[in-house]
Amino acid sequence: MSRKTSEGRLRRGSVVAMGGATALLLAGCSQGTIDDWKRGGLPAPSTEQGSTVVHLWTGSWIALLGVGFLVWGLIIWSIIVYRRRHGDGMPDQVRYNLPLEIMYTIIPLIMIGGLLFFTVRDQVELTKVENNQDLTVGVVGFRWSWTFNYVDQNTYDVGTPDEDPTLYLPVDQKVKFELTSPDVIHSFWVPTFLFKLDVVPGRTNTFEVTPNKEGTFLGKCAELCGVDHSRMLFKVKVVSQQEFEQHMQELRQKGQFGQLTSGRTTESAQGV
């Protein structure tokens with residue numbers, strides 16, 4: 001057997017082995033894993049606004065991969081076509097090529113401009129506050145937990161580092177969040193919302209979302225805020241309107257009336 005024949009069989013065997021391994025890997029993936037890959041690793045959105053983030057994220061990756069394949073292809077092409085052959089001397093040396101220099105400048109500007117346009121367009125849409133919400137929730141991030149003020153119901157819930165609070169939201173109802181802090185900067189983040197916003201002392205940051213999927217979702221502080229930052233966890237329960245009203249009644253029965261501006265429950269009598 002010649003050397004070329006042996007090398008050819010070896011290459012074909014490698015390709016077959018890689019193809020088989022890839023097929024086996026894909027066959028072992030659950031539908032959920034495949035869906036995660038389609039979203040570029042993002043969790044399944046639990047709000048109407050989340051689809052905007054998914055489209056921006058996946059579109060950016062498609063554009064970046066297209067650029068990557070183009071660059072990789074040009075690198076491989078130049079290696080093959082312009083490789084040094086036996087007996088070749090030093091290749092021609094040139095200082096610059098004006099058309100190429102112009103292309104290297106214009107094309108990246110077009111690419112960056114395109115990404116900037118879509119990013120700004122979606123950012124404006126996601127941060128727009130129309131003030132036509134069905135529910136307003138005041139979120140107070142404090143060291144080291146969260147207070148949730150249900151403004152329209154005049155009730156509140158508050159957590160501690162040892163007991164995570166639970167935020168109840170009615171499904172398919174538009175919610176306006178008003179974020180404040182009495183101490184340091186925190187960040188309100190529910191990963192399935194595909195959105196987070198800083199909680200800044202002396203400032204009220206707002207955003208609106210419409211939860212469209214019932215279930216329990218995890219939330220956390222996404223800003224390194226101090227020694228117990230990692231314990232600033234909470235849950236979000238998206239429920240039916242009836243279950244939401246029932247929970248509000250339970251808070252009233254516990255005496256949790258009013259609005260808190262910190263984690264101190266003694267403020268509840270002030271009705272702030």
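**Close-up views of a predicted model**

**View A. Buried residues of helix α3.** In this predicted model, the buried residues of α3 are G50, V53, V54, T58, S60 and G68. The helix runs over residues 50-81 and has 32 residues. An α-helix has 3.6 residues a turn, so residues three or four places apart point the same way.

**View B. The cis peptide bond between R143 and W144.** The bond that joins R143 and W144 is cis, with omega at about 15°. Most peptide bonds are trans. W144 sits in the loop between β1 (135-142) and β2 (145-150).

**View C. N154 in the loop between β2 and β3.** N154 is not a glycine, yet its phi is positive, at about 55°. Most residues other than glycine have a negative phi. The loop that holds N154 leads from β2 to β3 (155-158). With a relative accessible area of 38%, N154 counts as partly exposed, because this value falls between the 20% and 50% cut-offs.

**View D. L194 in the loop between β6 and β7.** L194, also not a glycine, has a positive phi of about 55°. Its loop lies between β6 (186-190) and β7 (195-199). The relative accessible area of L194 is 12%; this is under 20%, so L194 is classed as buried.

How values were computed. Residues numbered from 1 in each chain as written. Predicted model: local features only at pLDDT ≥ 70, side-chain atom pairs only at ≥ 80, totals over all residues. Heavy atoms only, no water. Helix = DSSP H or I, 4+ residues; strand = E, 2+ residues; numbered from the N terminus. Expected span 1.5 Å × (residues − 1). Buried < 20%, exposed > 50% of the residue type's maximum accessible area, 1.4 Å probe, protein only.
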